[in-house]
Amino acid sequence: MRAIIYKGIGGFYYVRNAEGKEIECKARGKFRKERIIPMIGDEVEVDVKNGKGSICEIYPRRTKLIRPPVANIDIVVVVAAAKSPEPNTSLIDRMLVNAEINGIDAVVCINKTDLADSSKLENIYRSAGYKTVSVSAETGEGLDQLFSLIKGKIAAFAGVSGVGKSSLLTIITGNELETGAVSEKISRGRHTTRHVELFPVKGGGYVLDTPGFSSVEAEDISLERLEQCFPEIASASAGCRFRGCAHINEPDCAVKSMVKSNEISESRYSSYKELYAIQKGKKEWK
């Protein structure tokens with residue numbers, strides 16, 4: 001039986017096939033000998049005997065994340081809030097860079113449009129080349145568009161506390177994902193999920209929460225690769241005077257010219273410089 005691992009707890013793996021049949025499994029000893037650990041999201045072949053399953057094959061992974069450990073993510077939905085908390089473009093950009101590093105498509109989802117206008121933030125990321133969607137978990141605005149973007153895919157949701165990520169996931173999964181209390185005083189949320197788990201979506205596909213996804217190991221990114229993680233900067237760099245332009249202090253830099261003319265967002269350029277500085281081992285720009 002071909003299936004997907006949707007949950008793993010205490011050495012047991014829980015799989016679901018295309019027809020929705022669920023089986024508890026153990027991984028065969030050969031994986032331990034080969035030092036291969038099955039991951040949530042893995043597509044696997046399962047032998048079933050007496051109602052118990054044994055994972056006998058793991059199919060090639062399309063993508064793989066380390067934090068959290070999950071395979072075959074098709075799309076990352078980076079969730080921000082229009083207000084409460086105020087948008088942190090630096091963290092949004094780090095999550096987008098993380099998606100780029102791992103070769104995963106990304107969407108920027110701006111929640112809480114019932115509290116504030118999202119057009120400015122939306123324009124920043126649409127201009128950078130990302131699909132964007134503005135939604136309200138409170139009123140339901142934009143949720144149909146969000147559903148259309150993740151339908152039939154394994155979608156990882158990433159975002160800082162308080163942006164309403166867990167509320168969106170609760171709606172999308174039909175209340176299967178519990179939502180913890182939100183402190184109105186500090187506007188920070190908490191969810192009760194204690195392990196990585198795929199939740200099925202009506203119409204096909206899965207969603208999951210991705211705690212830790214904002215962590216970017218910037219020191220491991222080559223300067224050339226970092227540029228490619230900002231699509232608008234990579235595109236503009238063809239117009240720079242010098243090949244290999246870092247877009248920092250070089251003259252006749254097309255990227256800096258486009259920032260000055262507002263064709264590239266100042267916040268995006270600041271995020272690029274911040275990660276560039278980390279890569280170079282500097283604490284600040286002078």
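These are my notebook entries on a few spots I looked up in this predicted model.

**Entry 1: helix H4**

I began with helix H4, which spans residues 143–150. I wanted to know which of its residues are buried. They turned out to be Leu 143, Leu 146, Leu 149 and Ile 150. Next I looked at how they sit around the axis: they cover an arc of only 120°, so they fall on the same side of H4.

What covers these buried residues? I noted several strands, including S8 (75–81), S9 (105–111), S10 (131–134), S11 (154–158) and S15 (206–209). Helix H5 (165–172) is also part of the cover.

**Entry 2: Asn 17**

I then moved to the loop between strand S2 (12–16) and strand S3 (22–27), where Asn 17 lies. Is Asn 17 buried or exposed? Its relative accessible area is 10%, which is under the 20% limit, so I wrote it down as buried.

I followed its side chain and saw that it reaches the backbone nitrogen of Lys 21 at 2.8 Å. Leaving aside neighbours within four places in sequence, I listed Met 1, Arg 2 and Ala 3 as the contacts of Asn 17.

**Entry 3: aromatic rings**

How many aromatic pairs does the structure hold? I noted three. In one of them, Tyr 269 and Tyr 272 have ring centres 6.5 Å apart and planes at 15°, so I logged the pair as stacked. Both residues lie in helix H9 (residues 266–280), three residues apart, which is about one turn of the helix.

Tyr 272 also pairs with Tyr 276. Here I have 6.0 Å centre to centre and 40° between the planes, and the pair is tilted. These two are four residues apart in H9, so about one helical turn separates them.

I looked up burial for the tyrosines too. Tyr 269 and Tyr 272 are both buried, Tyr 272 with a relative accessible area of 1%. Tyr 276 is buried as well, at 9%. Stepping back, I found that ring pairs link Phe 230, Tyr 269, Tyr 272 and Tyr 276 into a cluster.

**Entry 4: lysines over rings**

Last, I checked for charges over rings. The charged end of Lys 7 sits over the ring of Tyr 14, at 5.1 Å from the ring centre. I found the charged end of Lys 26 over the ring of Phe 12, with 4.7 Å to its centre.

Notes: Residues numbered from 1 in each chain as written. Predicted model: local features only at pLDDT ≥ 70, side-chain atom pairs only at ≥ 80, totals over all residues. Heavy atoms only, no water. Buried < 20%, exposed > 50% of the residue type's maximum accessible area, 1.4 Å probe, protein only. Arc of directions from axis to C-beta. Contact = heavy atoms within 4.5 Å. Polar contact = N/O pair within 3.5 Å; in protein donor to acceptor, adjacent residues only side chain to side chain. Phe/Tyr/Trp six-rings, centres within 6.5 Å; stacked < 30°, edge-to-face > 60°. Lys NZ or Arg CZ within 6 Å of the ring centre and 35° of its normal.
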